[in-house]
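Here is a short report on one protein model. It covers a sheet, a residue within it, and the nonpolar cores.

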Amino acid sequence: MVRMRAYQPPAPSLVPGVVVVLERGDMRREARIISAAPHARGLVLLQLEGIGDRTAAEALIRARVLVPATALPPLDEHEFYYHEIEGFRVDTTDGRHLGEVAETFATGLNDVWVVRGTGREYLIPVIADVVKTIDREARRILIDPLPGLLDN
């Protein structure tokens, strides 16, 4: 058994039969889920094919467990997955180009996009007061920055 922290508890994509990718640094391998069970505070216990003892499980410490996009649950309107937003162009409502979304991280209160470009890095809170539109087709996000958000 392997204990992991789910990005989105209760982790509906982690079900028996799904082949996941285990990734840490240069290590990347596939494993089929045999069983998955919720555990305390957003954790999931996974039984993975080929991971049969403690030594094999310990070799996966700090590995990411990636599921195929086809295993992800469908999104509601105005929802998105972190992976699909990476690389989207970010512009302000007054016409400034800030760069592209390089990554997303959670703060506990809201998600934050790391936007890199034009020799700068911006931390953009993913909240309705800031994010005005996400255009998947154009791979573009339009934001209305709060006062001081872009100052440095």
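The report starts with the basis of the values and then turns to the structure.

## Basis

This is a predicted model: local features need pLDDT of at least 70, side-chain atom pairs count only at pLDDT 80 or more, and totals for chains, interfaces and linings use all residues. Residues are numbered from 1 along each chain as its sequence is written, and side-chain values use heavy atoms, without hydrogens and water.

## The open sheet

Six strands form an open sheet with mixed pairing, in the order β9-β8-β7-β6-β11-β10. Strands are DSSP runs of E, at least two residues, numbered from the N terminus. They pair if DSSP finds at least two bridges between them. β9 (120–125) and β10 (131–135) each have a single partner strand, so one side of each lacks a neighbour in the sheet.

## Asp91

Asp91 lies in strand β6 (residues 89–92). β6 pairs with β7 (residues 97–106) in the antiparallel sense over 3 bridges.

Asp91 is buried, at 5% relative accessible area; buried means under 20% (1.4 Å probe, protein chains only). Its side chain makes a polar contact of 2.8 Å with that of Arg89. Such a contact is a donor–acceptor pair of N or O atoms within 3.5 Å; residues adjacent in sequence count only if both atoms are side-chain atoms.

## Nonpolar cores

The largest nonpolar core has 17 residues. A core is a set of buried Ala, Val, Leu, Ile, Met, Phe, Trp, Tyr and Cys residues joined through side-chain atoms within 4.5 Å. Leu14, Val20, Leu46 and Leu48 have the most contacts inside this largest core. β4 gives the most to this core, with 3 residues.

A second, separate core has 16 residues, including Leu98 and Trp113.

Definitions and conventions: Helices (H or I, at least four residues) and strands (E, at least two) are DSSP runs, numbered from the N terminus. Buried means under 20% relative accessible area, exposed over 50%, partly exposed in between (1.4 Å probe, protein chains only).
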